[in-house]
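Dear colleague,

I am passing the structure below on to you, and my notes on what turned up in it follow. Please read them with the model open beside you.

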Amino acid sequence: KKHKFWETQPVGQYKDLGNSSLSEGPIEPPTPLSEVKQEPYNLPTQYEWTTCDMGSEETCTEVYNLLKNNYVEDDENMFRFNYSKEFLSWALHPPGYYKSWHIGVRAKSSKKLVAFITGVPARIRVRNEVVKMAEVNFLCVHKKLRSKRLAPVLIKEVTRRVHLENIWQAAYTAGVVLPTPITTCQYWHRSLNPKKLIDVGFSRLGARMTMSRTIKLYKLPDSTASPGFRKMELCDVPAVTRLLRDYLAQFVVAPDFDEDDVEHWLLPTENVVDSYVVESPDSHDITDFCSFYTLPSSILGNQNYSTLKAAYSYYNVSTKTPLLQLMNDVLIVAKRNDYDVFNALDVMQNESFLKELKFGPGDGQLHYYLYNYRLRDALKSSELGLVLL
Ligand SMILES: CCOC(=O)c1cnc2ccc(OC)cc2c1SCCC#N
């Protein structure tokens, strides 16, 4: 029976779709904290819960290795995400994070980490309501423990620990369709190293195209075109926060970033997130902003390559520089830093540059979900202003 678990959860159910008598907003009211289950859910007897202190090098390495060997693969098992340790530390330590939401499962005998799930707090605006939510991510069960119905227990446990902090909504994504997506996004890929993408079998030589013609097709200039284009610095946080809040206001669902959030999520962090501003040469105003995060993948079963260096479009705002030129500049920077591919979802205004900058549509989709919050109708992906890691 499909979605046995999800039919028991306060999420939009298929049967509710288009039922305009149902109101938008929370599906269930908060529970009095005294009535939230105080003790963890039961695991199969040979396993135990553990809270993962991601500030500990040893534990962070255990989580890194579990994900490196067991986390999400594409449908053709060509790639597996290989989030770096510094990325995991960044992703799990935003302002106001809760250690208790970094949840692991160990085998009692060997003490080996065999499963993981996380939440981080976020303020997400849905239309005109700012809602405190948990962004749930990194759900991973070791390959040898699949189909033991561990995922529903992990999801119930992170939900219980989120409830204990008096938070009643969540946001999450999945490559699979569950009840019920608020929107479905398409991945797009811009080759930066076409020879490698062809060698690993992701891309194919176009008809009547030689390798050298293909390399020339994706060639980029060595230097950026926008005057005043430079790395973001700490002193830019107030201006970038203003720019981003004004820009994100147009989307139905978007993060409600303040300066502390911008400092954490968007200030450049080596090998994790890169962000650039355009500072007007005469007024010194910050007029534009662009950013991407670094998420390498293991290349599965290829003799010549082991890692794909991938950049993922994050938040981009253009108020003076044309978005097309701003994004071409970010491609130039990514190529200069030896990225193999620049990926983007068709969210926000990304559709306006994807084809022109030679992105190709991927065959994977990413579905966005809200937990315990109903939207009357699904959104177009261009109405979504939220990028989850
Ligand atoms: C070359 C283009 O594909 C990817 O960059 C890539 C890399 N690693 C993955 C690991 C797991 C995976 O599972 C869905 C997909 C990928 C993908 S395609 C979707 C991500 C994007 N953009």
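S84 sits in the loop between β2 and α2, where helices (H or I, at least four residues) and strands (E, at least two) are DSSP runs numbered from the N terminus. S84 counts as buried because its relative accessible area is 11%, with buried meaning under 20%, exposed over 50% and partly exposed in between (1.4 Å probe, protein chains only).

Residues are numbered from 1 along each chain as its sequence is written, and side-chain values use heavy atoms, with hydrogens and water left out. As the model is predicted, local features need pLDDT of at least 70 and side-chain atom pairs count only at pLDDT 80 or more, whereas totals for chains, interfaces and linings use all residues.

**The ligand**

The ligand is surrounded by 13 residues, of which E73, Y187, H189, S297 and N343 are the closest; a residue belongs to this group if one of its heavy atoms lies within 4 Å of the ligand. A polar side-chain atom of N343 lies 2.9 Å from an oxygen atom of the ligand, while a polar backbone atom of E73 is 3.2 Å from a ligand oxygen, and a backbone N or O atom of D74 lies 3.3 Å from an oxygen atom of the ligand. On its own the ligand has 500 Å² of accessible area, and the protein covers 91% of this; accessible areas come from the Shrake-Rupley method with a 1.4 Å probe, and for residues only the protein chains shown count as cover. The elements that give two or more residues to the shell are β2 (79-81), β7 (183-191) and β16 (341-345). By class, the shell residues divide into eight nonpolar, three polar and two charged, where Ala, Val, Leu, Ile, Met, Phe, Trp, Tyr, Cys and Pro count as nonpolar, Asp, Glu, Lys and Arg as charged, and the others, Gly among them, as polar.

**Aromatic pairs**

The structure holds 24 aromatic pairs, a pair being rings of Phe, Tyr and Trp (its six-membered ring) whose centres lie within 6.5 Å, with planes under 30 degrees apart counted as stacked, over 60 as edge-to-face and the rest as tilted. F79 and F202 form a tilted pair, at 6.1 Å centre to centre and with 45° between the planes. F79 lies in strand β2 and F202 in the loop between α4 (194-199) and α5 (211-217), so this pair ties together parts that are 123 residues apart in sequence. F79 is buried at 11% relative accessibility, whereas F202, at 32%, is partly exposed.

Y83 and F138 form an edge-to-face pair, at 4.9 Å centre to centre and with 85° between the planes. Here too distant parts of the chain are linked, with Y83 in the loop between β2 and α2 (85-92) and F138 in strand β5 (residues 129-141), 55 residues apart. Y83 is buried at 4% relative accessible area, and F138 is buried at 1%. Both residues belong to one aromatic cluster, whose members also include Y71, F81, F87 and W90.

The 14 residues of helix α8 (residues 323-336) should span 20 Å at 1.5 Å a residue, and the end C-alpha atoms are 20 Å apart, which agrees; the expected span is 1.5 Å times one less than the number of residues. Among the buried residues of α8 are L323, L326, M327 and D329, and the helix is followed by D338, whose phi is positive, near 65°.

P179 and T180 are joined by a cis peptide bond with omega about -25°, and T180 is in the loop between β6 (169-174) and β7. R149, in the loop between β5 and α3 (150-163), has a positive phi near 55° although R149 is not a glycine, and R149 is exposed at 52% relative accessibility. N271, likewise not a glycine, has a positive phi of about 70° and is partly exposed at 38%.

Technical notes. Polar contact = N/O pair within 3.5 Å; in protein donor to acceptor, adjacent residues only side chain to side chain.
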